[in-house]
Amino acid sequence: MILGALGGPGGSAASAAEANTRPADKIKELFGDTVVAKGKGWEVKRSDLDTALISVKAMAAGRGQTIPPERMTAFERQVLDDLIALQLLLGKAAEADKAKGKEQFDKSFQKFKADGKITDAEFEEKLNPQLRVQGLSREQWEKKRVDQATVGIVLEREMNISVSDEAVKKFYDENPARFEEPEMVRASHILLSTRDTSTGVEFTSDKKDAKRKLAADLLKRARAGEDFAQLAKEYSEDPGSKDRGGEYKFPRGQKAPEFESAAFSLGTNQISDVVTTEFGYHIIKLSEKLPAHKVELAKVADELKEGLKQQEVQKQLPDFIAKLKKEASVEILDEKLKAADTDLGGPVKTEKPGEKKK
């Protein structure tokens, strides 16, 4: 589990360490704030661990998952190990590493927004509910993710990880299926829902008729030349695409059959008739068809090189962290956590309510 493969913002390590420096005041008031682990120049208090656990559990609950009670102690130990590893690695970070970590975070964040075609205000609107659950401010959220980027830089340097262009090409050549992309379409749609979006209850016939009439009117306007993206932003009831002008790019097998059949049968810039699915009434405009193809090495080389670096980091990480713990004279002072069995064969898994234990 340690550092979650350094998978960037939102990885398991980031989750575990969300509140590393945020004391849980109410917990401290009730139970005091004992030190559960320490090393040269730093310590992890019970409040640090409890707050990190609250954060992880909240995010798991948001996915409809819980931590099995019989695994809670082992889970706590893994979260504590993440907090310790984060302390050790940030202790190795020079100012230049921190500046580079900030730069990397900023670039990845800007790319995320550009790819999703969302503004910072729209991102914050989606992020805020998660921050409230975790008790974080936007500034604290960013700091934790900058720390994660900084940790990746430290590891790469300290472990002397390097992946050659030849190694990247070798992986690409030996795994052709990984780089095959199926036929896809890039299409936009306007959805008028026939269900209450908050309850999922189907509308009455009268409401459906009104939606169908509006769909016919919008189809007429779109075919008359009005800006389709603007119509989608104004009228579409698909929250996942309306801010992007209704646009999706997808292969076969991902959308409702009626929607998919219509999209793949259109010509470029052609607008469909009103298409009915279980979700409601759709008007679809095809932007382009993308034939099946193999992604060129040049387009995936950087991402592939980074992935191979992460594989090598994970291979060396346990021994490297063990070395740092020894150098820092790390002690786990909580006897229950000290004795916890952490040989779990990977990250502690959560389970969904009602899921059978294996």
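Predicted model: local features only at pLDDT ≥ 70, side-chain atom pairs only at ≥ 80, totals over all residues.
Begin by selecting Arg 252 and Phe 264, where the charged end of the arginine sits over the ring of Phe 264, 4.0 Å from its centre; a charge sits over a ring if NZ of Lys or CZ of Arg is within 6 Å of the ring centre and within 35 degrees of the ring normal.

Residues are numbered from 1 along each chain as its sequence is written, and side-chain values use heavy atoms, with hydrogens and water left out.

Turn now to the aromatic pairs, of which a search of the whole structure finds 9; rings of Phe, Tyr and Trp (its six-membered ring) pair if their centres lie within 6.5 Å, and planes under 30 degrees apart count as stacked, over 60 as edge-to-face and the rest as tilted. Select Phe 105 and Phe 109, a stacked pair with 5.8 Å centre to centre and 5 degrees between the planes. Both lie in helix H5 (residues 95–116), 4 residues apart, about one turn of the helix; helices (H or I, at least four residues) and strands (E, at least two) are DSSP runs, numbered from the N terminus. Phe 105 is buried at a relative accessible area of 3%, and Phe 109 is buried at 9%, where buried means under 20% relative accessible area, exposed over 50%, and partly exposed in between (1.4 Å probe, protein chains only).

Phe 112 lies in helix H5 and Phe 123 in helix H6 (residues 120–134), so the pair ties together parts that are 11 residues apart in sequence. Phe 112 is partly exposed at 48% relative accessibility, whereas Phe 123 is buried at 10%. With Trp 141 also selected, the view holds a cluster in which ring pairs link Phe 105, Phe 109, Phe 112, Phe 123 and Trp 141.

Finally, select Leu 80, Leu 89 and Leu 155, the residues with the most contacts inside the largest nonpolar core, which has 33 residues; such a core is a set of buried Ala, Val, Leu, Ile, Met, Phe, Trp, Tyr and Cys residues joined through side-chain atoms within 4.5 Å. Among the elements that each supply at least two residues of this core are strand E1 (35–39), helix H4 (72–90) and helix H12 (297–327), and H4 gives the most, with 10 residues.
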